[in-house]
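Take a look at it first, and then we can go through it piece by piece.

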Amino acid sequence: MGRLIGRRLLFLLPVLFGILAAVFVTMRIVPGDPARLVAGPDAGPEELAAIRHQFGLDLPLHVQFGRYLLDVLRGEFGQSLKTQRPVLDEIVPRLWNTALLAVLSTFFAAALGLLAGIVAAARRNSTFDHMTMAVAMLGVSTPSFYLGIVLIVVFAVMLRLFPAGGSGGLIHLILPAVTLGASTLGIVARMTRASMIDVLDEDYIRTARAKGVRERVIVARHALRNALLPVIAVVALQFGFVLAGSVLVETVFSFPGIGWLIVESISMRDFPVVQGSILLVTFVSVLVNLAADLLYGYADPRIKF
Amino acid sequence: MPIPASSSRPAAAAWRRFTRNRAAVAGLALVLFFLLMAAFGPWVAPHDPLKQQLDGALAGPSWSHGLGRDELGRDILSRILHGARISLGMALGASLIAAGAGVTVGLVAAYRGGGLEEILMRLVDVVLAFPGFLLAIAVVSALGPGIVNVAVAVGVNTMPGFARIAHSTAHAMKETEHVAAARALGNSGPRILWRHILPNCLAPIVVQFTLRMGTVVVIGSGLSFLGLGAQPPSPEWGAMLSTAREYLRTAPHLSLVPGLAILLLVLAWNLLGDGLTEALNPKLNRS
């Protein structure tokens, strides 16, 4: 297992390098002068040159990239142009908030999606099955920013059951988590149903039925275990999308996570923070996917890497 | 030479399977409806989508303004009809960029092989490693806001799926006898790719196109919602929703319509994509 993890991490290096290069290049084609942002509109050319020198912006591009790589390896993501604080200090508390939201929404989506998918598969072609799949399709197709607005109007403005936004306890997390998880819920329900139907058609299930095992036991004990594998993969893969999706959901709910930080920093042209946030979220997502791959291999001994 | 009857049978069978799937037919009908709306919407719109009339701001639906008026008194129905062209055009543009770039990369990588293939496909892996639409946000924040920039950003973000499909299909095609024959006849590499390999990759690429359109619409309108895409006073649906968010307590109907329009457009493409996938891969049909 140790060797396997080592090999997978080695495969990851070119991808991580590529991500760093892509973000670096993207942020360098930004029109406008970052030094002007720090110095303000009234700064003279000497002051601008000094700031460019301070941030290394006057160096050749390849030297800047080399420095940037070394800095990232040391865990230094530079300074926020707006607050002058280290970027990591700005990002980390926000990342925790987003992680909490993402975990909660994934848990909610996986649990409910699994349940709906299992029941739909066990009652194939019933009204429940058709209804569940229709709702799942709606969940997949509803943009999170629209669902968030609808939930705010219904549950915060009309019914006054939940706060319309902000942070400060579990109650502030419920509407954003449901919004963020809706699409994953739909995907998990559809995937679980398809996977369960595949397994329920297998010979060993027919054998169990022939032996007189009760249907509930067949579904819960024999079918579910094997049907779960592709679902685990989908849930893990979705986690990255949930993290990225937080940008929209956090904006709708004014939730102080990393997604909202990215949007705020873009509007203030604070590119070190944008760069650091995108890098960190992408790294986390890549690592979660790697963990899922390994877990998947561990759960199903037939899979070889 | 007459075309043998058997060659049209798979297509006819796929079409029969497609038309039997009510959800897929509904998806196709909705897509056609939105395409018609984008083509003729501006002509049937009852009012000027940009004309402000502040004394009627935030008014609810009435006989003269069927879907009500926005914060500047503009007719919401007219804005939705005009916005269809922008929202759908942006999504189609992004998907065409993604398909064009992705298919070219995939075909060239598969045909040339060797070091070039390795480099191109690893680049595709890097793009694929970015979660969700984070890369699109990075690209559009660098290029600056605007519809064309959003189409480019979403196109880059969506490209890997097309590259992988074209790559794997072309890889299989490369070894077939008719490609070997084309090569033996002295055809050039680009001609073989264009005339002999690409036509055989078209079916999975078309399916991928319809399947991805829903996501592309969400990402494109999502970027406009964040203020990175279409700018006011454009009646793009995501941008309309973004402005409407300020009036959730006083005029919730402002956000209802553009949001519903985006939802239906996404749903339409998803149903069509699912239907096409099932029609072309009957083994997947588990109903």
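What percentage of the 305 residues in chain A is buried? Buried residues make up 39% of them. Please keep in mind that this is a predicted model.

## Chain A overall

Among the contacts in chain A with a separation of 6 or more, 73% come from residues 24 or more positions apart.

## Helices 5 and 10 of chain A

Two packed helices are described by the angle between their axes and the distance between the axes. For helix 5 and helix 10 of chain A, the axes come within 9 Å and cross at roughly 145 degrees. The crossing of helix 5 and helix 10 of chain A is right-handed.

On the side of helix 5 of chain A, the residues that meet helix 10 of chain A include T98(A), L101(A), S105(A), L114(A) and A122(A). Helix 10 of chain A brings residues including V219(A), L224(A), Q238(A), F239(A) and S246(A). By class, this contact of helix 5 with helix 10 of chain A has 13 nonpolar, five polar and no charged residues.

## Helix 11 of chain A

How many of the ten residues of helix 11 of chain A are buried? Seven are, and this helix, residues 258-267, is mostly covered. The buried residues are I258(A), G259(A), W260(A), L261(A), I262(A), S265(A) and I266(A).

## Chain B overall

Chain B has ten helices and zero strands, and its pattern along the sequence reads α-α-α-α-α-α-α-α-α-α. The C-alpha trace of chain B spans about 75 × 45 × 35 Å along its principal axes. Of the 287 residues in chain B, 46% are buried. Residues 24 or more positions apart supply 70% of the contacts in chain B with a separation of 6 or more.

## Helices 6 and 8 of chain B

Helix 6 (residues 147-174) and helix 8 of chain B have axes 9 Å apart and pack at an angle of about 160 degrees. Helix 6 and helix 8 of chain B are therefore roughly antiparallel to each other, and their crossing is right-handed.

From helix 6 of chain B, residues including V150(B), N157(B), F162(B), A166(B) and M173(B) take part in the contact. They meet residues of helix 8 of chain B, among them I197(B), P204(B), R212(B), L223(B) and S224(B). The residues of this contact of helix 6 with helix 8 of chain B divide into 14 nonpolar, eight polar and one charged.

## A look at S224(B)

S224(B) lies in helix 8 of chain B. Why does S224(B) count as buried? It counts as buried because it has 28 C-beta neighbours inside 10 Å, where the cut-off is 20 or more.

Not counting residues up to four places away in sequence, S224(B) touches V150(B), G229(B), A230(B), E236(B), G238(B), A239(B) and S242(B). R164(B) is 60 residues from S224(B) along the chain, and the C-alpha atoms of the two are separated by 28 Å.

## The nonpolar core

The largest nonpolar core has 156 residues. Those with the most contacts inside it are V188(A), L107(B), L134(B), A136(B), V150(B), V217(B) and L265(B). Helix 3 (residues 76-112) of chain B gives the most to this core, with 19 residues.

V217(B) touches S87(B), A91(B), I262(B), L265(B), V266(B) and W269(B), leaving aside residues up to four places away in sequence.

## Where the chains touch

The contact between the chains takes 43 residues from chain A and 37 residues from chain B. Which elements give two or more residues to the side of chain B that touches chain A? They are helix 4 (114-129), helix 5 (134-143), helix 8 (189-225) and helix 10 (253-280) of chain B. Helix 10 of chain B gives the most, with seven residues. By class, the residues on this side of chain B are 21 nonpolar, eleven polar and five charged.

Definitions and conventions
Residues numbered from 1 in each chain as written. Chains lettered and ligands numbered in written order. Predicted model: local features only at pLDDT ≥ 70, side-chain atom pairs only at ≥ 80, totals over all residues. Helix = DSSP H or I, 4+ residues; strand = E, 2+ residues; numbered from the N terminus. Buried ≥ 20, exposed ≤ 12 C-beta atoms within 10 Å, placed from the backbone. Contact = placed C-beta atoms within 7 Å. Nonpolar A, V, L, I, M, F, W, Y, C, P; charged D, E, K, R; others polar. Axes fitted to C-alpha atoms, helices over the stretch in contact; angles between N-to-C directions. Parallel < 35°, antiparallel > 145°, perpendicular 65-115°, else oblique. Left-handed = near helix turned anticlockwise from the far one by under 90°. Core = buried A, V, L, I, M, F, W, Y, C linked by C-beta atoms within 7 Å.
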